[in-house]
Amino acid sequence: MESRLILENELEPIFLGKFPPFPDNVKELLVQYGPYLILIGAILGLLGLLAAFGIGGAAIGLGLAAYGSGFSFYVGIVLAAVMMIMYLMAFSPLRARKKAGWNLMYYALLLSLISNLLQLAILAVIIGGVLGFWVLFQIRDKYVA
C-alpha cells in the first residue's frame, strides 16, 4: 500500500468524485508542459521576491510601511521563497513523471494556502485551494512511484 500525504485521503473523494474529470488529452498536456511553466514561474517568482525584499526592506527601514506590517511581510516572503524552491526541486521529478514531483507540488500548494491564511486572504485560500487541488488530483494518476 502506498503512503498517503497529509489530507490526501480526505481530499481525494472530493476532487476526484465530485468535480468533473479532465479529458485525457488535457491531462497529458498539463503533464507534458506543466513542469516548464512551473520552472519559468519559479524563476520569475524568485526574481520578484528579491525585488520585493529589497523594496519592502527599504520601506520598512524608512518607516514608510504601515505599523505592524513588517512581521507579516517577512513571513510572506519566507514562505514564498520556500514555495519557489519547492517548485524548482519539483521540476526534474515532474518532467520524469515521478510521484515525488507531484508530492512537492502538493506540499507547495498546502504551504501557499497556509501563507494566504496567515495574511487573511480568505478568497485566495478558497479559490486557490479548489483550483489547485482539482488540477493536482486530476493529473495524479500520470505520475508513478
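Read along the sequence, the chain follows the pattern α-α-α-α-α, with 5 helices and 0 strands, where helices (H or I, at least four residues) and strands (E, at least two) are DSSP runs numbered from the N terminus. This is a predicted model, in which local features need pLDDT of at least 70 and side-chain atom pairs count only at pLDDT 80 or more, while totals for chains, interfaces and linings use all residues. Residues are numbered from 1 along each chain as its sequence is written, and side-chain values use heavy atoms, with hydrogens and water left out.

The pLDDT, the predictor's confidence in each residue on a scale from 0 to 100, averages 89 over the chain, and 88% of the residues score at least 70. Among the elements of the chain, the lowest mean pLDDT, 86, belongs to helix 2 (residues 24–61), and the highest, 97, to helix 5. Where pLDDT is low, the predicted coordinates should not be read in detail.

Of the 145 residues in the chain, 34% are buried, a term that means under 20% relative accessible area, with exposed set at over 50% and partly exposed in between (1.4 Å probe, protein chains only). The accessible surface of the chain comes to about 8800 Å², and carbon and sulfur atoms hold 74% of that area, as computed by the Shrake-Rupley method with a 1.4 Å probe. Among the contacts (heavy atoms within 4.5 Å) with a separation of 6 or more, 75% are between residues 24 or more positions apart.

Helix 4 (residues 99–118) has 20 residues and reaches 29 Å from its first C-alpha to its last, close to the 28 Å expected at 1.5 Å a residue, the expected span being 1.5 Å times one less than the number of residues. Because 15 of its 20 residues are buried, helix 4 is largely enclosed by the rest of the structure. After helix 4 comes Leu-120, whose phi is positive, near 60°.

Trp-102 and Phe-137 form one that is edge-to-face, at 5.7 Å centre to centre and with 75° between the planes. Since Trp-102 lies in helix 4 and Phe-137 in helix 5 (residues 122–139), this pair ties together parts that are 35 residues apart in sequence. Tyr-106 and Phe-137 also form an edge-to-face pair, with 6.3 Å between centres and 90° between planes, and this pair links helix 4 to helix 5 across 31 residues. Both Trp-102 and Phe-137 are buried, and Tyr-106 is buried as well. One aromatic cluster takes in Phe-15, Phe-19, Phe-22, Trp-102, Tyr-106, Tyr-107, Phe-133, Trp-134 and Phe-137.

Phe-15 leads from this cluster to helix 1 (residues 8–18), in which Glu-8, Leu-11 and Phe-15 are buried. These three cover an arc of only 70° around the axis, which puts them on the same side of helix 1, the arc being that of the directions from the helix axis to the C-beta atoms. On the other side of helix 1, Gly-17 and Lys-18 are exposed. The cover over the buried residues of helix 1 includes helix 4 and helix 5.

In helix 2, finally, is Tyr-33, which is partly exposed with a relative accessible area of 45%. The C-alpha atoms of Tyr-33 and Arg-95 are separated by 8.6 Å, although the two residues are 62 residues apart along the chain.

Notes:
Rings of Phe, Tyr and Trp (its six-membered ring) pair if their centres lie within 6.5 Å; planes under 30 degrees apart count as stacked, over 60 as edge-to-face and the rest as tilted.
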